[in-house]
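I opened the model to look up a few things and kept notes as I went. The entries follow in the order I made them.

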Amino acid sequence: MNDDDDERAIFIGFEAVSDAKVLIISIAARLAGMHPQTLRQYDRMGLVQPGRTSGGGRRYSERDVALLREVQRLSQEEGVNLAGIKRIIELEGFVGDLRQRVADLEDELIRTRTRLAQLEAAGFPRRDLVPTNQHPTALVVWRPSQK
């Protein structure tokens, strides 16, 4: 084992797979290399959330199968317990949400800067609307008129 093996990153990315919940439990279990009862247990633990039919049957997506494979890999190859795997999945989801939020904010910043540049090019803000040569230490006393 070399130093590179000790610093393996754990990243759960499923962008390239479908979210359509169409696979019955036996097919999903076969594709994930697990027993169907294991999938039921993982569902109860909240590691994977399959869709449900009107009759209550579980339906899995390709994304679910990829997640099940990653659960198995983390458990068997990395020695992570199921509670740890659940936390990793939650944190990866949180990181994904934060990345999307950052991307949205960057897009908004670009739009705002573009709009500001357009306004400045059009002569806004007009400096003649608000005099800027007043003394900042001026004192104004206001007395209400007495009736």
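Before using the record, I noted that UniProt positions are given in the numbering used here, feature names are shortened, and annotations may be inferred rather than shown by experiment. I am working with a predicted model, in which local features need pLDDT of at least 70 and side-chain atom pairs count only at pLDDT 80 or more, while totals for chains, interfaces and linings use all residues. Residues are numbered from 1 along each chain as its sequence is written, and side-chain values use heavy atoms, with hydrogens and water left out.

Entry: the annotated region.
I looked up residues 95-122, which an unreviewed UniProt entry lists as "coiled-coil region". I found this stretch to be 96% helix and 0% strand, with its end C-alpha atoms 40 Å apart. Here helices (H or I, at least four residues) and strands (E, at least two) are DSSP runs, numbered from the N terminus.

Entry: helix 3.
Which residues of helix 3 are buried? In this helix, residues 36-45, I listed Leu39, Tyr42 and Asp43. Buried means under 20% relative accessible area, exposed over 50%, and partly exposed in between (1.4 Å probe, protein chains only). The buried residues fall within an arc of 105° seen down the axis of helix 3, so they line one face of the helix. The arc is taken from the directions from the helix axis to the C-beta atoms. I reminded myself that an α-helix has 3.6 residues a turn, so residues three or four places apart point the same way.
The buried residues of helix 3 pack against helix 2 (25-32), strand 2 (51-52), strand 3 (58-60), helix 4 (62-76) and helix 5 (82-121); contact means heavy atoms within 4.5 Å. After helix 3 comes Gly46, with a positive phi near 85°.

Entry: salt bridges.
I counted 7 salt bridges, each a side-chain nitrogen of Lys or Arg within 4 Å of a carboxyl oxygen of Asp or Glu.
Lys21 pairs with Asp64, their closest N and O atoms being 2.7 Å apart. This pair links distant parts of the chain, 43 residues apart: Lys21 is in the loop between helix 1 (3-6) and strand 1 (23-24), and Asp64 is in helix 4. Lys21 is partly exposed at 34%, whereas Asp64 is buried at 7%.
Asp43 forms a salt bridge with Arg52 (2.7 Å, N to O). Arg58 also forms a salt bridge with Asp43, with the closest N and O atoms 2.7 Å apart. Arg58 lies in strand 3 and Asp43 in helix 3, so this pair ties together parts 15 residues apart in sequence. Shared partners join Asp43, Arg52 and Arg58 into one network.
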